[in-house]
Amino acid sequence: MCVWGRLARTMLTARSRGPYRMGGESRLSFRCLPTDIDTNLHLNNARYMMLADIGRIDIFLRAGLFTLARERRWAPMMGGLQAVYVREIRLWKWFEVVSTVETWEDTQMIGRHRFVLDDGRTAALVMTTAGVYDSTGKRFVPIDEIISILGHEYTPRRPTEEERIFMASHAGLRALAKG
């Protein structure tokens, strides 16, 4: 199934997975197809990012963020990511993408996307930073404000040491890119 087919399937079946609650997870199953592989006959590194996007979209749909964003002219945006590959996903193999919102600080949300083989082992881990931009107010919206508007009461945990290192690395790379 192509990228658009996978996205359409996720969007059409989101309601059947129930609402996303902070602290929960999105679990989506995929099969590594010939359109996903590189010359080593395993999942291409770019496909990991695309599948992580689909996991994030599933969370945003099920949490109500996409509807809210449309109403308020907000745009969920990726800030950056870091990926590590520890096992390959071979052609025709089934795997799951387990996506979570780990925590947040101010306007920056930390996400995690774990690619899980059928035997339960992790094949790859992708950590992301994301935010929501208010195009009318010309600002990034504090995540606590979004959670409150969505009607959830949830206090984020403090970032782990690994997440702090990731956020600091992201900030440094962002500063380098901006010159």
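The radius of gyration here is taken over C-alpha atoms, and the globule rule is 2.2 Å times the number of residues to the power 0.38. For 179 residues that rule puts a compact globule near 16 Å, and the chain has 17 Å, which agrees. This is a predicted model: local features need pLDDT of at least 70, side-chain atom pairs count only at pLDDT 80 or more, and totals for chains, interfaces and linings use all residues. Residues are numbered from 1 along each chain as its sequence is written, and side-chain values use heavy atoms, with hydrogens and water left out.

**Overall build**

- The chain has 5 helices and 6 strands; helices (H or I, at least four residues) and strands (E, at least two) are DSSP runs, numbered from the N terminus.
- Their order along the sequence is α-β-α-α-β-β-β-β-β-α-α.
- Along the principal axes, the C-alpha atoms fill a box of roughly 45 × 40 × 30 Å.
- Of the contacts with a separation of 6 or more, 70% join residues 24 or more positions apart; contact means heavy atoms within 4.5 Å.

**Surface and charge**

- Buried residues make up 39% of the 179 residues; buried means under 20% relative accessible area, exposed over 50%, and partly exposed in between (1.4 Å probe, protein chains only).
- The accessible surface is about 10000 Å², with 55% belonging to carbon and sulfur atoms; areas come from the Shrake-Rupley method with a 1.4 Å probe, and for residues only the protein chains shown count as cover.
- The chain carries 26 positive and 20 negative charges, and their mean positions are 4 Å apart. Lys and Arg count as positive and Asp and Glu as negative, while His and the chain ends are not counted. Each charge is placed at NZ of Lys, CZ of Arg, CG of Asp or CD of Glu.

- β4 (residues 108-117) is mostly covered, with 7 of its 10 residues buried.
- β3 (residues 94-105) pairs with β4 in the antiparallel sense over 10 bridges; strands pair if DSSP finds at least two bridges between them.
- Thr100 has Arg112 of β4 as its bridge partner.
- β4 also pairs with β5 (residues 122-134), antiparallel over 8 bridges. Val116 stands opposite Thr122 in β5.
- The hairpin of β4 and β5 has 4 residues between the strands, and Gly120 there takes a positive phi near 95°.

- Most residues other than glycine have a negative phi.
- Arg73 has a phi near 60°. Arg73 sits in the loop between α3 (65-72) and β2 (74-85), and counts as exposed because its relative accessibility is 56%.
- Asp106 has a phi near 55°. The hairpin of β3 and β4 that holds Asp106 has 2 residues between the strands. At 56% relative accessibility, Asp106 counts as exposed.
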